[in-house]
Amino acid sequence: MSADLKQRYQEAADTVISGMGPDALAAWHNTAVSTHFFASIKDVDAKFKELKAEKGETAGKGTTPAFTDVTGGKAEFYINGGRDTPGNPAKAAFTANYYAHEFAHAVDLHAGYSQKQEWHEAWKADREYIATAMGRKTEDPKEAFCDFAAHAWTDRTGARNGAPQSWNAWTQWGLV
Ligand SMILES: [Zn+2]
């Protein structure tokens with residue numbers, strides 16, 4: 001991997017970590033065990049399919065640009081070190097958005113924020129904004145939680161103004 005790519009993913013990770021609140025950081029430190037960086041989304045997708053095959057599972061049809069393996073209650077991240085984003089116009093913070101989304105899976109893993117009633121209500125109120133900000137819709141409260149992280153940990157002002165209910169819940173939980 002080139003020095004340029006390494007620097008970009010370091011910057012993206014720094015952006016995310018600086019946006020995380022104290023409880024998010026604590027949960028992340030307790031759960032995250034390792035991060036695997038890949039030169040491109042294609043490489044991440046290949047690894048995803050390989051791991052699925054090892055487990056005797058079938059991967060979905062689409063390309064998987066990033067994922068988190070939570071086997072054994074610990075989080076192992078597989079993320080892209082670059083910026084190539086097939087079929088998706090690159091945003092300024094695109095790489096950081098992916099990192100934030102995956103890190104949020106680790107934060108949510110044991111505390112189960114995404115399963116709380118407060119989150120379901122906040123998400124209901126803010127879901128249009130969250131979906132638009134992330135450029136995708138999801139019916140899964142866990143994925144929506146991570147999509148909100150992708151925004152909240154990279155653009156505090158935007159997230160606070162655009163998704164006030166979610167922002168409130170996250171403030172109370174110490175996640176931002
Ligand atoms: Zn996810």
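This is a predicted model: local features need pLDDT of at least 70, side-chain atom pairs count only at pLDDT 80 or more; totals for chains, interfaces and linings use all residues.
Visitor: Which residues of helix H2 are buried, and on which side of H2 do they lie?
Guide: Helix H2 spans residues 22-31, and its buried residues are Ala24, Ala27 and Thr31. Around the axis they cover an arc of only 70°. That arc is why they lie on the same side of H2.

Visitor: Which exposed residues does the opposite face of H2 carry?
Guide: The face in question is turned away from the buried side of H2. The exposed residues on that face are Pro22 and His29.

Visitor: Are H2 and H4 roughly parallel or roughly perpendicular?
Guide: The axes of H2 and H4 come within 8 Å. They cross at roughly 90°, and angles of 65 to 115 degrees count as roughly perpendicular. The two helices are therefore roughly perpendicular.

Visitor: Which residues of H4 meet H2, and how many charged residues are in that contact?
Guide: From H2, the residues involved are Ala24, Ala27, Trp28 and Thr31. On the H4 side they meet Phe103, Ala106, Val107, Leu109, His110 and Ala111. By class, the contact has 8 nonpolar and 2 polar residues, and the number of charged residues is none.

Visitor: Which element gives the largest share of the largest nonpolar core?
Guide: This core has 48 residues, and those with the most contacts inside it include Tyr99, Ala100, Phe103 and Phe145. Among the elements that give it two or more residues are H1, H2, S3, H4 and helix H6 (141-152). The largest share is 10 residues, and it comes from H4.

Visitor: Which residues does Phe145 touch, leaving aside those up to four places away in sequence?
Guide: Phe145 is one of the residues with the most contacts inside the largest nonpolar core. Not counting residues up to four places away in sequence, Phe145 touches Ala104, Asp108, Tyr113, Ser114 and Trp119.

Visitor: Is Met1 buried, partly exposed or exposed?
Guide: Met1 is placed in the segment before helix H1 (3-19). Beyond residues up to four places away in sequence, Met1 touches Lys6, Phe37, Ala39 and Gly81. Because Met1 has 13 C-beta neighbours inside 10 Å, it counts as partly exposed.

Visitor: How far apart in space are Met1 and Trp119?
Guide: In sequence, Met1 and Trp119 are 118 residues apart. In space, taken C-alpha to C-alpha, their separation is 39 Å.

Technical notes
Residues are numbered from 1 along each chain as its sequence is written. A residue is buried if 20 or more other C-beta atoms lie within 10 Å of its own, exposed if 12 or fewer, and partly exposed in between; C-beta atoms are placed from the backbone. Helices (H or I, at least four residues) and strands (E, at least two) are DSSP runs, numbered from the N terminus. The arc is that of the directions from the helix axis to the C-beta atoms. Two residues are in contact if their C-beta atoms, placed from the backbone, lie within 7 Å. Axes are lines fitted to C-alpha atoms, for helices over the stretch in contact, and angles run from 0 to 180 degrees between N-to-C directions. Angles under 35 degrees count as roughly parallel, over 145 as roughly antiparallel, 65 to 115 as roughly perpendicular and the rest as oblique. Ala, Val, Leu, Ile, Met, Phe, Trp, Tyr, Cys and Pro count as nonpolar, Asp, Glu, Lys and Arg as charged, and the others, Gly among them, as polar. A nonpolar core is a set of buried Ala, Val, Leu, Ile, Met, Phe, Trp, Tyr and Cys residues joined through C-beta atoms within 7 Å.
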